[in-house]
Amino acid sequence: MSSSTASPSAAESLEVTSTSAVTVHGPSTVPDAGYHMGVVPEVVHDTPAATPVKFYQVGSFAVGNRLLPVSERSVQSDPKRFNSLTSGHRACQGCGEALGARYALDAAMRAADGQLVAVNATGCLEVFSTPYPETSWRVAWLHSLFGNAPAVASGVAAAYKALGRDEIRVVAQGGDGGTVDIGFGCLSGMFERNDDVLYICYDNEAYMNTGVQRSGATPPAARTATTQAVGADPGNVFGQGKDLPRIAMAHEIPYVATATVADLHDLEAKVTRAMSMRGARYIHVMVPCPLGWGTASCDTIKIARLATQSGLWPVFEAEYGEVVASTPIRRQVPVEEYLKGQKRFAHLFNPVRRDEVIDRLQAQADRNIRRYGLLPEAASPTLPPIAEEANA
Amino acid sequence: MLTQLEGSMAVARAVAACRPHVICAYPISPQTHIVEGLSAIVKSGELPGCEYVNVESEFAAMSVAIGASAAGARSYTATASQGLLFMVEAVYNASGLGLPIVMTVANRAIGAPINIWNDHTDAMSQRDSGWIQLYAETNQEAADLHVQAFKIAEELSLPVMVCMDGFILTHAVEQVDVPEVDQVAQFLPPFEPRQVLDPDHPVSIGAMVGPEAFTEVRYLAHERQMQALDVIPRVAEEFRAVFDRDSGGLVRGYRLEDAETVVIALGSVLGTIKDVIDERRERGEKIGALGITSFRPFPLDAVREALGTAKRFVCLEKAFSVGIGGIVASHVRMAMSASPIANYTIVAGLGGRPILKSSLHAAFDQAVADELPALTFLDLDHGLVDRELARTRAGRRSGPAAENILRDLGAVRAGSR
């Protein structure tokens with residue numbers, strides 16, 4: 001987009017009204033679609049650039065709304081977005097979960113034309129959003145218990161099916177504790193039955209709501225309140241791990257994806273993709289927690305990005321049990337770079353550097369890179385890196 | 001129409017006649033034929049507009065019912081025993097959220113020791129769960145109570161547990177006048193939820209409530225159960241008007257006129273008790289029985305009124321509170337607190353032990369003479385108990401009590417000691 005027709009900023013564009021050049025997109029239930037702001041006039045250039053313009057943001061990372069055609073802009077850029085999780089809630093500054101949930105739910109709401117019900121497990125997201133008598137939810141929302149959100153969502157879906165209200169879609173959401181630990185049985189049952197529910201796990205790798213205790217998703221070596229940085233092997237043990245996206249894939253459900261808050265546009269796209277399908281779908285989103293991880297509030301996205309760029313957090317999509325796409329690492333970093341910024345891993349560097357632990361974590365990242373073909377040179381035999389396809 | 005069928009099947013057909021939208025159940029731990037019957041009814045296409053969800057646990061069963069009910073669906077599940085305990089967190093949640101779910105509890109014992117047979121320990125453990133609890137005396141009443149339960153639940157926005165004795169009722173084949181769809185349609189209006197997940201009118205359900213309002217929310221749960229004291233008898237009357245038979249209500253007396261001794265019980269054992277009372281009445285004894293249909297809410301006034309001028313009451317209970325004794329008896333004593341009378345608790349039928357008329361006669365003989373201990377375990381084998389107590393006194397490592405007792409009985413031969 002040329003500078004002579006620079007898009008107005010978000011606030012300014014509230015004044016923008018529909019023109020013939022505008023493509024209105026967004027929820028059809030919005031009555032005054034002309035007063036719509038993800039809608040910036042699309043200008044047809046008379047003199048295209050000599051070489052195709054390739055914006056940095058178009059690759060893997062950025063929202064970059066102002067530089068994108070309307071159809072590719074994020075749901076969040078739309079002032080008529082639903083604000084499913086609206087402002088005023090009590091999440092901590094820099095909360096990855098609040099950010100992820102807002103993007104995910106608004107994308108789901110758009111995909112469902114507003115006909116959405118959200119079921120929430122107990123956890124940070126539930127507590128910070130609904131302190132009596134307030135609620136931040138502008139979507140029909142139900143919280144029952146910590147360990148039963150998938151089953152409650154199955155019940156909601158069954159109800160609408162029985163009542164002939166197939167247009168109403170159901171999203172369930174929970175943290176990693178509610179998903180990989182206490183709610184695991186219900187989640188597996190929901191997958192196995194292929195109930196028509198999109199389950200989104202916001203993974204901050206511990207029980208943050210109750211004071212940072214270890215969960216089944218806590219990475220090895222991480223310090224939590226129940227895996228303290230003391231003794232001969234400080235921090236969490238090296239277990240076998242509990243890779244829920246792969247466990248979900250083993251159920252051969254229609255859709256499984258991972259995402260992070262470092263690439264929110266990608267998260268929106270995955271939610272949108274998931275919402276285009278029926279049956280059990282699962283999205284596992286990394287949401288750094290400044291409080292639990294010991295990071296600055298302003299670094300939430302940076303930390304999430306380092307997780308993906310180190311290979312510790314593979315970002316991929318799978319359909320019916322098979323990986324169909326993965327997001328290539330753009331600039332690989334050693335895991336050390338990811339670990340160093342977080343106080344929960346401080347004992348790996350102080351008072352003595354624990355190379356053997358860092359090496360084991362690097363080996364995990366390397367395995368992810370091989371498994372998902374995250375680097376061109378590490379392309380797996382069955383899964384060509386997506387980067388090549390995209391750049392072709 | 002009178003049909004000869006198993007109690008579970010009668011209940012299955014009665015529930016189906018209520019046109020539920022969502023039925024969810026876990027097959028064991030343990031389950032009854034009710035959900036098998038309903039599964040067949042739904043699968044055959046006989047019940048259009050109903051989803052049957054086979055879940056992976058009792059906890060999920062109640063959770064599915066919670067989600068379905070909150071979405072505006074008439075929801076039903078069934079369980080018993082360990083399964084009820086496994087779903088307890090969700091049981092409390094359903095009542096706390098005010099969701100009118102109906103659940104059958106086919107009463108059975110709770111382990112350890114593991115035991116699959118009938119008593120009331122399971123349902124009694126949930127007496128404080130906030131659910132309405134109705135106890136069926138017969139299979140006819142079990143079928144009828146389910147139809148009434150949906151009406152009561154939906155009117156009050158409270159869940160209702162229909163308790164029927166496992167095996168004694170659920171597996172007994174006898175004649176039942178199964179409520180028919182057209183009759184039920186006259187009696188039970190369509191489900192109109194007080195609160196519902198509606199994308200067009202979004203609300204948050206299940207918010208966190210702190211000290212500033214928790215007491216009020218809990219008080220309202222109590223208040224609604226107090227309202228149920230009026231609703232339950234009224235619904236029984238409305239049921240009678242359509243179906244032309246007596247079922248439900250708060251309490252039901254038997255030969256209470258001029259009774260000096262009143263035997264109080266819940267569930268199917270009332271049949272045996274009535275036979276015993278008939279025999280004793282023939283001998284001129286002033287004795288009657290009081291069946292409590294609604295244990296939650298507990299009808300203090302109705303019980304007091306029914307006891308009238310009785311000199312004593314005997315509570316025959318299929319469960320007890322370990323460390324204190326009778327559960328029902330403590331409730332009845334509360335009802336009679338203004339003018340206390342002599343009272344006795346007989347714990348009977350635990351883990352499926354038959355309650356024999358001869359045993360009841362012997363116990364009632366003592367009761368009417370005011371010679372019965374305050375707490376009696378009917379047909380307790382004191383010899384077995386004493387041998388185990390002696391073992392525990394004799395040495396530290398006395399071993400597992402249940403297995404010791406079985407070995408003493410000669411039921412287990414391969415003991416190591």
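Mentor: A crossing of two helices is left-handed if the near helix is turned anticlockwise from the far one by less than a right angle, and right-handed if clockwise. This is a predicted model, in which local features need pLDDT of at least 70, side-chain atom pairs count only at pLDDT 80 or more, and totals for chains, interfaces and linings use all residues. Residues are numbered from 1 along each chain as its sequence is written, while chains are lettered from A and ligands numbered from 1 in the order in which they are written.

Trainee: Which handedness does the crossing of α1(A) and α7(A) have?
Mentor: Helices here are DSSP runs of H or I with at least four residues, strands are E runs of at least two, and both are numbered from the N terminus. Helix α1 of chain A spans residues 96-111 and helix α7 of chain A spans 264-275; their axes lie 8 Å apart at about 35°. Axes are lines fitted to C-alpha atoms, for helices over the stretch in contact, and angles run from 0 to 180 degrees between N-to-C directions. The crossing of α1(A) past α7(A) is right-handed.

Trainee: How many nonpolar residues sit in the contact of α1(A) with α7(A)?
Mentor: Contact means C-beta atoms, placed from the backbone, within 7 Å. α1(A) contributes residues including A:Gly100, A:Tyr103 and A:Ala104, and α7(A) residues including A:Leu264, A:Glu268 and A:Met275. Ala, Val, Leu, Ile, Met, Phe, Trp, Tyr, Cys and Pro count as nonpolar, Asp, Glu, Lys and Arg as charged, and the others, Gly among them, as polar. The contact has two polar residues, one charged, and, as nonpolar ones, nine.

Trainee: What share of chain A is buried?
Mentor: Chain A carries twelve helices and eight strands. Of its contacts with a separation of 6 or more, 66% join residues 24 or more positions apart. Among the 392 residues of chain A, the buried share is 52%.

Trainee: Which element gives the most to the side of chain A that touches chain B?
Mentor: The contact takes 37 residues from chain A and 38 from chain B. On the chain A side, β1 (116-120), β2 (140-143), α3 (149-162) and α5 (184-193) each give two or more. That side holds 23 nonpolar, twelve polar and two charged residues. With eleven residues, the top giver is α3(A).

Trainee: What is the bridge partner of A:Leu142 in β9(B)?
Mentor: Two strands pair if DSSP finds at least two bridges between them. β2(A) and strand β9 (residues 204-205) of chain B run parallel, joined by two bridges. A:Leu142 has as its partner B:Ile205.

Trainee: Which are the edge strands of the six-strand sheet in chain B?
Mentor: The sheet is open and mixed, in the order β10-β12-β11-β14-β15-β16 of chain B. Its twist averages 20° from one strand to the next. Edge strands pair on one side only; in chain B these are β10 (251-254) and β16 (375-377).

Technical notes:
Buried ≥ 20, exposed ≤ 12 C-beta atoms within 10 Å, placed from the backbone. Contact = placed C-beta atoms within 7 Å.
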